[in-house]
Amino acid sequence: MKFAIERQAVNEATFRCPDEMGWQPQNCPIILEDGGTTSARETCCSIDEILKLLKKKGFDVTISDDAGRFVCNYVYYHSLRYAQQKGHRSLFVHVPLFSRIDEETQMQFVASVVEAIGSTC
């Protein structure tokens, strides 16, 4: 229903349906060496500051602590892990369907997210 900045990803893959390759893990660690399915990685981006800047521009946005356990969480977990290893930053943002928030607003939002990241990270 609104934009959501994801704070973290969890080391758990539980797919409610198979992905494009037919893979459908259930309660599996994404990276075995990272520990069990309760391990999490958190973004080092200043999401509270990013949230303030986006709200100031009038966007309906929130911070989320749960990227789900499907492909979004899976990709974000790998991204956070890679970023930490390489000294980079990673951020994942969930966006609503165009039927909920029109394309023009979403394009403005994405530009504003990039601007906010640039000024806070």
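Two residues are in contact when they have heavy atoms within 4.5 Å of each other. The structure is a predicted model, in which local features need pLDDT of at least 70, side-chain atom pairs count only at pLDDT 80 or more, and totals for chains, interfaces and linings use all residues. Residues are numbered from 1 along each chain as its sequence is written, and side-chain values use heavy atoms, with hydrogens and water left out.

**Exercise 1.** Find out which residues Ser64 touches, not counting residues up to four places away in sequence.

*Solution.* Begin with the position of Ser64, which lies in strand β4, where a strand is a DSSP run (E, at least two residues) numbered from the N terminus. Next, list the partners of Ser64, which are Ala4, Ile5, Glu6, Arg7 and Gln8. Finally, turn to burial: Ser64 has a relative accessible area of 15% and is therefore buried, a word that means under 20% relative accessible area (1.4 Å probe, protein chains only).

**Exercise 2.** Identify the residues that touch the most other members of the largest nonpolar core.

*Solution.* A nonpolar core is a set of buried Ala, Val, Leu, Ile, Met, Phe, Trp, Tyr and Cys residues joined through side-chain atoms within 4.5 Å.

Methods. Buried means under 20% relative accessible area, exposed over 50%, partly exposed in between (1.4 Å probe, protein chains only). Helices (H or I, at least four residues) and strands (E, at least two) are DSSP runs, numbered from the N terminus.
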